[in-house]
Amino acid sequence: MPSDRTAYILKVYPRFSETFVVTEILAREAAGDDLAIYALRPTTDSRFHPQLAQVQASVTHLPRAHKLSAEWEVFARAHAELPDFGTRLGALMPLLVRLDPSDVAQGVDLALRLRRDGITRMHVHFASMASWCTAIASALTGIPFTVTTHAKDLFHEDVDRVVLREVLARASAVIAISDYNRRFLLEEVDPGLADRVALVRNGLELGRFAYRDPRPVGDPLRVLAVGRIVEKKGFDHLVDAVAALRAEGMPLDVRIVGEGERAAELAAQVQRTGVDDAVTLLGSRSQSELVAELDRADVLVAPCVVGADGNADGLPTVLLEAMASGVPCVATDVTGIPEAVHPGDDATPATGILLPSEPAGLAGRVADALRRVADPDWPRVEVARAARALVERDYDTTTQAARLAAVTAGATR
């Protein structure tokens, strides 16, 4: 009986914005799991986190066939090497006819490589293109797979629900990163998944985020925001909030970390609203640089919204990093965020300030929240300690990776 060897199938590896994937892989390797990584697209990132150097798994970058002749060459090899290739491929037709032919060929190529490399299980992040190729490879080889669903792969208007249901139906287990996502999967995608959806939260390597009680707030209030500069991050609402507070005379030092398609638009907004002396757009930062940014911040703001295309955040990793570090957070009630940042009640202490995410009036609500944070009477230490305790309980990567490994080990479908 061959030893277990798990393949991680990723659309792009490495990807600067997906630190949770590297964190998970490192935790599983630390627990003794034998992993291999297969990437379907080359990275276009210009910067990489140093933690990548710690990953021991082999990395295979699969070529993508761009000509029909190259696709047929892959099919010919599969016909020669994979038992019952024609029959198995034919049974996949309801899925294949909805996919790009080059993705189908890449799924077949993946099947060949997995079989040669002695892979016994597969795990894929995002129920989108990488999962399509994984489902094809699984059907052709009999190697079971599990899939972690996130946000854009579920909520975006371009999601093909037929393909999504087909892929999830073929998975041995489906991972939801939040209770919200689990409910969405069962209520909006497929109620038949009830016995195969497992909750495994994205985790943090807590040792890399040392907690300290937050310092008393001085002048100016030091505000940090981190993420890709895209609609769903809501950074435009933060800039409008800064403009309103500056008009009142409140001193602010706001630093926004990230790159993205709306970076030029955001920079223009900063200039237009006259807050360029208070708002600094830093571009991307490495993990160690981000830790330094957290250390200087009085508050982290994540004014997330649901985009016009339906896209929404699952739970920004930087919120967890700030909570682990003792930086109070202001966030909105998008998808899984309220499971980490909540205002507290009679039974549980507050772990941050949570705002309604509707775009109308959001800038005003962010401004109000920043006034509260700047108030010396606001219980910043109590909130920060409660936030750290929640992260330790629910988002420790060692615990969550072990949970995922157990789910993957039970994948026999």
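## Ground rules

Because the model is predicted, local features need pLDDT of at least 70 and side-chain atom pairs count only at pLDDT 80 or more, while totals for chains, interfaces and linings use all residues. Residues are numbered from 1 along each chain as its sequence is written, and side-chain values use heavy atoms, with hydrogens and water left out.

Helices (H or I, at least four residues) and strands (E, at least two) are DSSP runs, numbered from the N terminus. Two strands pair if DSSP finds at least two bridges between them.

## The seven-stranded sheet

Let us start with the open sheet of seven strands, whose order is E3-E2-E1-E4-E5-E6-E7, with parallel pairing. At its edges stand strand E3 (58–61) and strand E7 (197–199); each has a single partner strand, so one side of each is left without a neighbour in the sheet. On average, neighbouring strands of this sheet are turned by 25° against each other, direction ignored. Inside the sheet, strand E5 (residues 145–149) and strand E6 (residues 173–176) run parallel and are joined by four bridges. Thr-149 has Ala-176 in E6 as its bridge partner.

Two helices lie across strands of this group. Helix H1 (residues 19–30) lies across strand E1 (6–12), strand E2 (35–41) and strand E4 (121–125), and runs at about 170° to E1. Helix H16 (residues 397–409) lies across E1, E4, E5, E6 and E7, and runs at about 130° to E4. Axes here are lines fitted to C-alpha atoms, for helices over the stretch in contact, and angles run from 0 to 180 degrees between N-to-C directions. Contact means heavy atoms within 4.5 Å.

## The six-stranded sheet

There is also an open sheet of six strands, in the order E10-E9-E8-E11-E12-E13, again with parallel pairing. Its edge strands are strand E10 (279–283) and strand E13 (353–355), each of which pairs on one side only. From one strand to the next, the twist averages 20°.

Strand E8 (residues 221–226) and strand E9 (residues 252–257) run parallel, joined by six bridges. Leu-221 has Leu-252 in E9 as its bridge partner, and Arg-222 stands opposite Asp-253 in E9. E8 is mostly covered, with five of its six residues buried; buried means under 20% relative accessible area, exposed over 50%, and partly exposed in between (1.4 Å probe, protein chains only).

Leaving aside its neighbours within four places in sequence, Leu-238 is in contact with Ala-225, Val-254, Ile-256, Val-301, Pro-303, Val-366 and Leu-370. Leu-238 and Leu-282 are 44 residues apart in sequence, and 15 Å apart in space, C-alpha to C-alpha.

## Two helix pairs

Two packed helices are described by the angle between their axes and the distance between the axes. Helix H5 (residues 101–116) and helix H6 (residues 129–141) pack at about 50°, with axes 8 Å apart. H5 and H6 are therefore oblique to each other; angles under 35 degrees count as roughly parallel, over 145 as roughly antiparallel, 65 to 115 as roughly perpendicular and the rest as oblique. H5 passes H6 in a right-handed crossing. A crossing is left-handed if the near helix is turned anticlockwise from the far one by less than a right angle, and right-handed if clockwise. Among the residues that meet are Val-104, Leu-110 and Leu-114 in H5 and Trp-132, Ile-136 and Leu-140 in H6.

Helix H8 (residues 161–170) and helix H9 (residues 179–189) pack at about 115°, with axes 12 Å apart, and are therefore roughly perpendicular to each other. Their crossing is left-handed. Arg-161, Leu-164, Arg-165 and Leu-168 of H8 make the contact with Phe-184, Leu-185, Glu-188 and Val-189 of H9.

## An aromatic cluster

The whole structure holds five aromatic pairs. In one of them, Phe-75 and Phe-85 have ring centres 6.0 Å apart and planes at 80°, so the pair is edge-to-face. Rings of Phe, Tyr and Trp (its six-membered ring) pair if their centres lie within 6.5 Å; planes under 30 degrees apart count as stacked, over 60 as edge-to-face and the rest as tilted.

Phe-75 sits in helix H2 (residues 68–81) and Phe-85 in helix H3 (residues 85–91), 10 residues apart. Phe-75 is buried, with a relative accessible area of 17%, and Phe-85 counts as buried at 7%. Together with Trp-72, Phe-75 and Phe-85 form one aromatic cluster.
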